[in-house]
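Please find below my notes on the two-chain model. They take up the strands, the cores and the contact between the chains in turn.

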Amino acid sequence: MKFGIFFELSVPRPFTKAGEYRVYTDALEQCRVADEVGFDHVWAVEHHFLEEYSHCSAPEVFLTAVAAQTRRIRVGHGAVVCVPEMNNPIRVAERAAALDLVSGGRLELGTARSSTWTELGGFGADPDQTKATWDEFIRVIPRFWTEEAVEWRGGCLSMPERNVLPKPLQVPHPPLWVTVTSPGTELDAAERGLGCLGVSAVSYAEQERRTAEYHRRIQSCEPVSSVVNDQVHTQNYLFCHEDAAVAARVGLAMVARFNTLNAHLYWTREAYPTWAYHALGNIGQALRQASGDDPSAAKGLPEGVGIGDPDHLVRVIERWDSMGVAGINFVLDTAGAIPHEMVLDSLRLFAREVMPRFRTREQLAAPVEAPTRLPDGVRGPSGFAVVR
Amino acid sequence: MLAGTADVAALAAGAATVVAWPSEPVTLTDTRTFHLVAELRRPAREALLPPGLSPTEPAALSIQAWKVAGSPWGPFTLVVTRLSCRSGVRARGMATAAVCSSATAAAALAAGWGYPCRVGAARLDVRYDGCTVTVTEGDQVRLAIEAVHPRPLGPDDVQYTATMTLAHTPQGLRLVQVEAEPCNERVERLEARIERFDAPAWGDARLDPYHVVAATLGTGTITIAPVRYVCRPDVDAFAGTERVA
């Protein structure tokens, strides 16, 4: 089981320059602590114009700072919006390769197509086309990374032969992921040999069904490159505290704030009717109240949420682990619902009391496993200067 | 989290009066439902909503026209303008004004569901290659929309949000959650242009639908359910939602 942290970089109102700066600097410190205590991934989203919910429009910049300030943790650039009005696929390949070099081969690249009218409309993108452009991006980017001369005649990109530079450090290239909100997108990932990066909360039963179907389908995938990333990661919230009642009170306030801000987004389907956007799945809508013998029920917590005392979190993660989920990426705070120092304490407590139940000391000391490798003769992240 | 800042008392001046809650759903048959969404500029974002509702970003106005052949009140055409908003975590559209071609239907929609209905010449004229929505009151053209180039969508591809009307109700001044759900057999998306929009007539001079996003035309039925929930307009829906007995 891998553990990651996941940033929307949400900023509470009223907006001030100091407030936005604090969100970025706090997040960087949380990344440094997560790296020190053994987390495996840090993910930063790409969103545009989403006031309060996410001020993370240039994740490659944030993640470059993360890479420079950490040693072991892998940097998840995800998800890059694969819509040409927002990102040219050549530039995505270039930026990602540079980030892979700067991080010492620690890049994971997530791909997505945006869900809100606020974003798509702001860039003048056609919602009908985003699935097709995403499919084109994920096929051409691995070629840019691995081939010296690529000529491409596609639907959203047409170019004469060029050598896209630099090439990423990882061999053959950084792992690719697809963010999954709508049911069925996990199958798009499986069919292409891409990792399934869940960004919506679903019930245990639904996650078990999706994970099993993903693993079944990926056995017969037609991969978009020579790397098959067959991992399923999910998104969750994290607030760990010795006192279960405190954990519930503080953690659920974060969940409520996240859900409300998420529900207030202006979803594409609401503004622009299209066959291309059917479900409005998101992490908030699918939370289920725990029932029966689920230990969350007695604590008044939704099913499967990473909020509670350490013993409770061990049981929750064991349940996710049992159904083939390979990693969990945690939202640590939303728009200042949890003070920064409490976030750091939560990270440290989780690492001290929960992580060892899933990893050995040797595993924690080794580089994070990935379906790629570093080239011969390259020492990897520790070969780079780390700023503290 | 953004919330509306409009003065509730001022909004109440134009509110309808619900005398008694309907106990049965009403089905409208042989209907055409035109639905247009346009973005508004920022001054209209939270200023036109009561504190009980939150605006979307960007602010948006939906203009909905129903052309109804069969109803308990006879045939009618209704045009309603709605501000896109959130009630708690639910997507909604708050009615700012409505014009109905039938006095009987206007009275029923106001008395049962709180629609802020006036009687006027509301029309939805459908052609093979498009449609036109017009509203006139006296010699004043309040609204003119031209929509062309229909392109088929699946019936489930269009999402209608419930309407919130502000009305004097047996519970007091409340936002009424109107669940009027079109059930379409056929839907087309069109390219639309607003040729005339008389903002004060639709509730406020700051309503400025300057950027049309999309429009659809559906064919089917509409069911208006009995009201289940109302909300206080002065506090958010988490605190102010009440079930209608």
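1. Strands here are DSSP runs of type E with at least two residues, numbered from the N terminus. By that rule B:Ser54 belongs to strand 3 of chain B, residues 54-55. The model is a predicted one.

2. B:Ser54 is buried because its relative accessibility is 5%, and the cut-off for buried is under 20%. Its side chain comes to 2.7 Å from the backbone oxygen of B:Leu2. Leaving out residues up to four places away in sequence, B:Ser54 touches B:Met1, B:Leu2, B:Ala3, B:Leu49, B:Cys85 and B:Arg86, together with A:His264 from the other chain.

3. B:Ala98 sits in strand 6 of chain B, residues 90-100. With a relative accessibility of 0%, B:Ala98 also counts as buried. Its contacts, again without residues up to four places away in sequence, are B:Leu78, B:Val79, B:Val80, B:Pro116, B:Cys117, B:Arg118 and B:Trp202. Of these, B:Pro116 is 18 residues from B:Ala98 along the chain, yet the two C-alpha atoms are separated by 5.6 Å.

4. B:Gln159 is a loop residue, placed between strand 10 (140-153) and strand 11 (162-169) of chain B. Here the sequence separation and the distance run otherwise: B:Val176 is 17 residues away in sequence, and the C-alpha atoms of the pair are 20 Å apart. Across to the other chain, the side chains of B:Gln159 and A:Arg269 are in polar contact at 3.5 Å.

5. On the interface as a whole, chain A and chain B bury about 2200 Å² between them, and 50% of that area is on carbon and sulfur atoms. Chain A contributes 23 residues to the contact and chain B contributes 28 residues.

6. Which polar links join the chains? Five salt bridges are counted between chain A and chain B, and 15 residue pairs are in polar contact across the interface, both residues being at pLDDT 80 or more. One of the salt bridges pairs B:Arg189 with A:Asp128, whose closest N and O atoms are 2.5 Å apart. On the side of chain A that touches chain B, helix 4 (117-122), helix 8 and helix 9 (268-271) each supply at least two residues. That side of chain A is made up of eleven nonpolar, six polar and six charged residues.

7. The largest nonpolar core has 105 residues, and A:Phe39, A:Phe62 and A:Phe350 have the most contacts inside it. Helix 8 of chain A (residues 244-263) gives the largest share of this core, eight residues. Apart from it lies another core of 42 residues, including B:Leu40, B:Leu143, B:Ala192 and B:Phe197.

8. A:Phe39 deserves a separate entry. Not counting residues up to four places away in sequence, A:Phe39 touches A:Phe3, A:Gly4, A:Ile5, A:Ala34, A:Arg72, A:Ile73, A:Leu238, A:Phe330, A:Leu347, A:Phe350 and A:Met355.

9. A:Phe62 is one of the buried residues of helix 2 of chain A (residues 59-69). Which elements cover them? Among them are strand 1 (2-7), helix 1 (17-37), strand 2 (41-44), strand 3 (74-81) and helix 3 (89-102) of chain A.

How values were computed:
Residues are numbered from 1 along each chain as its sequence is written. Chains are lettered from A and ligands numbered from 1 in the order in which they are written. This is a predicted model: local features need pLDDT of at least 70, side-chain atom pairs count only at pLDDT 80 or more; totals for chains, interfaces and linings use all residues. Side-chain values use heavy atoms; hydrogens and water are left out. A nonpolar core is a set of buried Ala, Val, Leu, Ile, Met, Phe, Trp, Tyr and Cys residues joined through side-chain atoms within 4.5 Å. Buried means under 20% relative accessible area, exposed over 50%, partly exposed in between (1.4 Å probe, protein chains only). Helices (H or I, at least four residues) and strands (E, at least two) are DSSP runs, numbered from the N terminus. Contact means heavy atoms within 4.5 Å. Buried area is the accessible area (1.4 Å probe) that two parts lose on being put together, summed over both. A salt bridge is a side-chain nitrogen of Lys or Arg within 4 Å of a carboxyl oxygen of Asp or Glu. A polar contact is a pair of N or O atoms within 3.5 Å; within protein, one must be able to donate a hydrogen and the other to accept it, and residues adjacent in sequence count only if both atoms are side-chain atoms. Ala, Val, Leu, Ile, Met, Phe, Trp, Tyr, Cys and Pro count as nonpolar, Asp, Glu, Lys and Arg as charged, and the others, Gly among them, as polar.
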